[in-house]
Amino acid sequence: MAYIIAEPCINVKDKACVEVCPVDCIYEGETMLYIHPDECIDCEACVPECPVEAIFHEDNLPDEWKEFTALNAEESPKCPVINEKKDALEGESCNKAAKKH
Ligand code: SF4
Ligand code: SF4
């Protein structure tokens, strides 16, 4: 069992969940983020952080989003791991981040 990221994350991707995940099992795809089901420890820390309520326990996933269980499992191993929240692509904080590198 694991937590699943579903449709509401698509094109939101603010990564608030990533910041709190203790095992860094959340991966970024092109349109949304995915949770690696073998790495998730079911701690639920990410759930209240999500501004769009995209994260559900596998058992509580609404029927219309059932396909996201397989999608998280398939896509998460293909994506690079991320472990910090990123800001929007423009703005002061982005410039600060750019200077660090
Ligand atoms: S439930 Fe815990 S371990 Fe699983 S993705 Fe969320 S924060 Fe990470
Ligand atoms: S907090 Fe929610 S919307 Fe933001 S990246 Fe995570 S799952 Fe997607």
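Around ligand 2 there are 14 residues, of which C9, V12, A16, C17 and C50 come nearest; a residue is near a molecule if its C-beta atom, placed from the backbone, lies within 6 Å of it. This shell divides into ten nonpolar, no polar and four charged residues, where Ala, Val, Leu, Ile, Met, Phe, Trp, Tyr, Cys and Pro count as nonpolar, Asp, Glu, Lys and Arg as charged, and the others, Gly among them, as polar. The model is predicted: local features need pLDDT of at least 70, side-chain atom pairs count only at pLDDT 80 or more, and totals for chains, interfaces and linings use all residues. Residues are numbered from 1 along each chain as its sequence is written, while chains are lettered from A and ligands numbered from 1 in the order in which they are written.

The protein chain contains three helices and four strands, these being DSSP runs (helices H or I, at least four residues; strands E, at least two) numbered from the N terminus. Their order along the sequence is β-α-β-β-β-α-α. Of the 101 residues, 24% are buried, that is, have 20 or more other C-beta atoms within 10 Å of their own, whereas exposed residues have 12 or fewer.

In helix 2 (residues 67-75), the buried residues are F68, N72 and E75. These lie on the same side of helix 2 because they cover an arc of only 85 degrees around the axis, the arc being that of the directions from the helix axis to the C-beta atoms. They pack against strand 1 and strand 3, whereas E67, A70 and E74 are exposed on the other side of helix 2.

Note on methods:
Contact = placed C-beta atoms within 7 Å.
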